[in-house]
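Dear colleague,

I am handing over the structure we spoke about, and I would be glad if you could look through it with the notes that come after it.

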Amino acid sequence: MIPPLMPTYNRADLAFERGEGAWLITDDGRRFLDFGAGIATSSLGHNHPHLVAAIAAQAAKVMHTSNLYRVPEAEKLARRFTEATFADSVFFCNSGAEANEGLVKMIRKAMAEEGHPERYRVICFEGAFHGRTLAMLSATGNEKYLKGFGPPVQGFDHVPFNNLNAVRAAIGPETAGILVEPVQGEGGIRPASLEFLRDLRATCDEFGLVLGMDEVQCGMGRTGKLFAHEWAGVTPDVMSAAKGIAGGFPMGAILATERVASHMTAGTHGSTFGGNPLASAAANAVLDVMLAPGFLAEVDRTGRKLHRDLEGLVAEFPSVFSEVRGAGLILGLRCVVPQGEVASACLAEGLLAVNAGENVLRLVPPLIVREPECDEAVAMLRRAARRCLPVTPKVAAK
Ligand SMILES: *Cc1c(COP(=O)(O)O)cnc(C)c1O
């Protein structure tokens, strides 16, 4: 019989009652070091006092009023994002998929308003993940997710990642823009080369296209900068954010330049919950922490140290791990043995991690982790790797 909670996920048989920083604790008192952070979402870890206080204070005042009225918390949040990024204007919503839907609408709208309604297609990349709504399934382009859901939504072309020639070859008279993850998350922690991001910017400028970036996973401090594209020294025209933006409270955002945002006039887009007082208060609290002097530099420092230690693990267990990928605290260990085996072994050692594409184990801890917790995670990974060592024929023969 079908369970009341629809079984769309293969869930581990674990339920957490509470969390403290980078740790999650089950109701029977087992402690797990959370290097999954709810899929790169619990950016400040669990039970962060500043975030908890901000949510509690706002909940006691007013949670929701709708966008029929001004929302001062959202106005403040939008102002802070425009001050901290390339963006001139921000739209708030509730998830990554919803942000990407709006982003694609904005790309199409900009073209239509600039006199090119025939330009509506968006170039996306193999290995991408943009969400589970009908249009974002097509933007993602993964057959596995599309199967059974009818004809794909029109308007998305896929080319190999990090391949500028393929991008240029795919540009046609109907192309409106490009949508790229600076670091592919679900795809297996595959970073775009900084040169590729710069080339995409130049290509968009050359052809008058809109450059969209999906920073739902790699943004909000993950790489040690507020947004991952900052490493490349170029900016998108429109960008989505979500996951870590409100520390686990559901929220998404579309950040846009004036070129793109100026066409989004009253009535062109909407979201009932989007940027409500409670969500905005949570996101403002997250920004208080992330924009405090030294926070992002510490993410960078901690990430570099963890990266080095993971390289050590790869050298130590070449029959289990083959490669470390990523930047800051969005790291991946490419596995030689099936990644699921490594994830199970990690769980047995008390470490939570997340699977990703290309047989990669994703390590995306809360951004508040420090060296001692990373050392502990590496020790757990080492013990997990020992559990996964393939049995050599020699040993088997004994
Ligand atoms: C998770 C994710 C999404 C989808 O976000 P949801 O909040 O699950 O809708 C979109 N893009 C990227 C890069 C993601 O990692």
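The notes below take up the ligand site, then one glutamate, one glycine and the cysteines.

Please keep in mind throughout that this is a predicted model.

Ligand site. The residues that surround the ligand are Ser 95, Gly 96, Ala 97, Asn 100, Phe 129, His 130, Gly 131, Glu 181, Asp 214, Val 216, Gln 217 and Lys 243. Within that group, a polar side-chain atom of Lys 243 lies 2.6 Å from an oxygen atom of the ligand, while a polar backbone atom of Gly 96 is found 2.8 Å from an oxygen atom of the ligand. A nitrogen atom of the ligand, for its part, has a backbone N or O atom of Phe 129 at 3.1 Å.

Glu 215. This residue sits in the loop that runs between strand E10 (210-214) and strand E11 (238-241).

Gly 328. The loop between strand E13 (321-327) and strand E14 (330-335) holds Gly 328, which counts as buried at 8% relative accessibility. Not counting residues up to four places away in sequence, Gly 328 touches Arg 222, Thr 223, Val 299 and Gly 303. The C-alpha atom of Gly 328 is also separated by 7.7 Å from that of Arg 301, although these two residues are 27 residues apart along the chain.

Cysteines. How many disulfides does the structure hold? The number is zero. Cys 204 is in no disulfide, and the nearest cysteine sulfur, that of Cys 124, is 12 Å away; Cys 204 counts as buried, with 0% relative accessibility. Cys 346 is likewise in no disulfide, its nearest cysteine sulfur being that of Cys 388 at 7.4 Å, and Cys 346 is buried with a relative accessible area of 1%. For reference, the cut-off for a disulfide is a pair of cysteine sulfur atoms within 2.5 Å.

Terms used:
Residues numbered from 1 in each chain as written. Predicted model: local features only at pLDDT ≥ 70, side-chain atom pairs only at ≥ 80, totals over all residues. Heavy atoms only, no water. Buried < 20%, exposed > 50% of the residue type's maximum accessible area, 1.4 Å probe, protein only. Helix = DSSP H or I, 4+ residues; strand = E, 2+ residues; numbered from the N terminus. Near = heavy atom within 4 Å. Polar contact = N/O pair within 3.5 Å; in protein donor to acceptor, adjacent residues only side chain to side chain. Contact = heavy atoms within 4.5 Å.
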